[in-house]
Structure formats: C-alpha cells, structure tokens
Amino acid sequence: MTDTGRGAVDGWRAPGTGRWADGAAGPDAVLLGFVRALRAAGVDASTERLYAFLRAVDVLRPGVRADVHAAGRATLCGGRDDLERYERVFAAYFGPAGPNAPAPARAAAPPRARLVVRDAPAGGRAPGEGEPPGPPVRALASSAEVLRHRDVAGLDAAERVQLNRLLAAFAPHGQTRLSARRRPARRGAVDPRRTVRELLRRGGEPALLRRHARVRRPRRVVLLVDVSGSMAPYADALLRFAHAAARGAPTEVFTVGTRLTRVTRELSHRDPDLAMAALAAAVPDWRGGTRLGDLLREFLNRWGQRGMARGAVVVLLSDGWERGDPAALGAEMRRLHALAHRVVWANPRKARPGYAPLAGGMAAALPSVDAFVEGHSLAALERLAAVVRGAAADPAGATGGSVAKTGRTGAGDESGRRGAGRA
C-alpha cells in the first residue's frame, strides 16, 4: 500500500459520524488517529485492514475498551512483531487499563461530547481474556487525537506526559538501499559459481540455473538536534523522537548548540527516561547559543567526510537561528548535500502563521535542503518520519524541496548520486 493511498484514506470519515455537534472529534476521527499512531509505530496497517477494523468496531461496541482492543488486534496486526507494537500504542492512545491505572489528567476545559472508551459494564459482554475489569477511562482517545496536532511548546505537564507515552510508541523506519552483497534468490541474475558447482555435483547433468539478487539494507539516518535556548520548548520531544528513531534503523544522533556532542550511546537505553537522564548528563551546552556553521563543519570534518554522512539521510532539527556567519553555514550545507543521500530540515517555527525562512542561517541553508518540513507537534513528527522513510514531503511544506531543486546545479546532483552510490 502506497503512502499516497494511505494519505487519502486518512481523510475518510464514516457516514454520519465525522464530528459531534459541538465540534469534538467523533468516533471515526478517533479510530483513524489510532491507526495513524500504529503506522508511526511501524505496524503495516493498510487501507484494507483499516476498513476491516472500522467494520469490526461497528459490529461490536465502539465505546467499550475490550471490544475496540479485540477488533484492532484481529484486523490491524499482520504478525507477531505487530502485536507488541499494537499493545504499546493502544495503551498510550487509549490510556492504561485496570483499577489501579492512573488516568492522565487534562487541563480544565469546557465539557464537550467525545468518544469514551471504557471497560465493559456489569451484565454486558465480558472483557477480553486476561484484561482485568476497571473503571471508565477518563482521558480518552479523542484527547490523544487533539494532542497530536497541538504545538509542543504550549503543552502543560500532564499533556507532556501523554505526549512522551505516544513518542515512546514510535518506531520510525528509514529507507533501504541496495548493497553490493548478493544472496541466493528465486529470481534475479544467474549465479555462475553456484550453477557450475551444481553441475559438477550432478556429474555434468543438466541442472536448474542458480540465481542471486542484491541485498537491501537499511540506509543510515543521522539526526542533528538543536538544543540551544531558542529550541528549549521542543528539545525534549525532538530528542525522544530521536530515541525512537534509533530503534528502527541504523541511526546516529548529535546535539548542536555551542558544541557538537555525539549522544548515540546515551540514547541506546531502551527506557526513554533513562536515555534522557543519560543525555542530560552528557550534553554541556543546554539552552546556550547556536553555532550551526562551525558545528556542521566539525561534524563533516570529523565524522561526515569519513563516511557517516555518505549516502545517509541527514535530518537537522533546528529553527535556523545562526549566531555565526550565515555564508559559512551555506557553504557547509553544500558540502553536506554533496555527501548525503538526502538532507531534511525540520523547523518547529515553520508552523506559525506568516512564517517565512528569512533568518540568515535558514535562508542560507535552504538551497541545499531536499525537504523542509514542520516539527512542532506529534503529527508533524509523524510526517517527518514518513519523509525520512522516503515519502514525498507534504505539498504545503515543500518550500524547501522546491528551493533546493531549483538551487542545485548539475554537478551537485551528480555528486549527490555518487555519494549515495558509495554507501
């Protein structure tokens, strides 16, 4: 299923249940948001599975937690690997189950109608096997769907806790590439060595041709996360996104501010909170200034030119504020663009009304950027994960891509392809 097809389905709404009368998210929007979160976690929830899930929930009871859980588990999971991700996302999206599970608090807001996913009432259908009965869950999926589109900088403490649970369920996957290695396959080029060995084993009698094909390997992803003072409201969420990305593909993570710090080892902890604690102790320049040009030069000279950036997808998560010379940043971005397979820039400020990339650093870097996307919310980070995976940038956010393509020269294109071929 292509990402284009999925995007079209994401806008589908069940007849008559799109939204409640007061504008709150209706059942279909809540369930579609849950499927989007599953896709972000790496579950291959195709369009056919989505329709099967909606039909199953309609036959059962959309307001009962056990029914929604059973319907999704039966229709959206395609294998054992999906089951663990499904349970993790379901708990993060619908809240934990059980009598002693805390219900995530929300800031005081006017009451409104919304989908309540609760445990089965007494006398009704029994909950799913192994699921203990519990009180109704008050922080519900509709709040998680609203939270997906909220700016991270405007969240309160309780909403950040819920956001962290959803980010922990992330499992972004990078692109794949063809390696020089080959392995036996049913289709592909003829493998002369194996074919000759088979003929010799048979004493020269005719034998089937042995074939082999090139192996596909995950492409390296390099994340450069800005931790300067201007990025302070977004740094924690972006680093948790980096922690999730490190589980899905070969990933290197650096923080940039007044210093360049490699934090890949610190983010290797499976527990996100432990990883954040180790990272906080390792990074000395939190909430400082920004020296993007100098630090990008240091990265390229020390790691990138030697192979880390060669053929990789390099993602810069920054607002583009540059304390140094913007011309130096532009020159280093051109070096990076010649080495990397693709350069992506995620700017949380891009989502603000009337934003234009007029800051000196951002304007200098943009001609060397293949995709310029937002990074202010959970939904924006899901789109960023899709861009890293190889999907086209959102047309509304393709400013950087169009500028980059018009700003390239033929030599730049060729050097980028040579760099990708060496990886």
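**Entry 1: the whole protein**

I am working from a predicted model. I began with the secondary structure and found 16 helices and nine strands. Next I looked up burial: the protein has 423 residues, and 48% of them count as buried. For the accessible surface I noted about 20,100 Å², with 54% of it belonging to carbon and sulfur atoms. I then turned to contacts between residues at least 6 apart in sequence, and found that 75% of these join residues at least 24 apart.

**Entry 2: α3 and α4**

I took helix α3, residues 47-59, together with helix α4, residues 65-76. Their axes come within 9 Å and cross at roughly 150°. Angles over 145 degrees count as roughly antiparallel, so α3 is roughly antiparallel to α4. I recorded the crossing of α3 and α4 as right-handed.

Which residues of α3 and α4 meet? On the α3 side I listed Arg-49, Leu-50, Ala-52, Phe-53, Ala-56 and Val-57. On the α4 side I listed Val-68, Ala-71, Gly-72, Thr-75 and Leu-76. I sorted the residues of this contact into eight nonpolar, two polar and one charged.

**Entry 3: α11 and α12**

I moved on to helix α11, residues 292-308, and helix α12, residues 326-339. Their axes lie 8 Å apart, and the packing angle is about 30°. Are α11 and α12 roughly parallel or roughly antiparallel to each other? Angles under 35 degrees count as roughly parallel, and α11 and α12 are therefore roughly parallel. I noted a left-handed crossing for α11 and α12.

From α11, the residues in the contact are Leu-292, Gly-293, Leu-296, Arg-297, Phe-299, Leu-300, Asn-301, Gly-304 and Gln-305. From α12, I wrote down Ala-328, Leu-329, Glu-332, Met-333, Arg-335, Leu-336 and Leu-339. By class, the residues of the contact of α11 with α12 come to nine nonpolar, four polar and three charged.

**Entry 4: Arg-240**

Is Arg-240 buried or exposed? Its relative accessible area is 10%, and the cut-off for buried is under 20%, so I put Arg-240 down as buried. I also looked up what Arg-240 touches, leaving out residues up to four places away in sequence. The list for Arg-240 is Asn-164, Leu-167, Pro-272, Asp-273 and Met-276.

Conventions
Residues numbered from 1 in each chain as written. Predicted model: local features only at pLDDT ≥ 70, side-chain atom pairs only at ≥ 80, totals over all residues. Heavy atoms only, no water. Axes fitted to C-alpha atoms, helices over the stretch in contact; angles between N-to-C directions. Helix = DSSP H or I, 4+ residues; strand = E, 2+ residues; numbered from the N terminus. Parallel < 35°, antiparallel > 145°, perpendicular 65-115°, else oblique. Left-handed = near helix turned anticlockwise from the far one by under 90°. Contact = heavy atoms within 4.5 Å. Nonpolar A, V, L, I, M, F, W, Y, C, P; charged D, E, K, R; others polar. Buried < 20%, exposed > 50% of the residue type's maximum accessible area, 1.4 Å probe, protein only. Areas by Shrake-Rupley, 256 points an atom, 1.4 Å probe, with all protein chains shown as cover.
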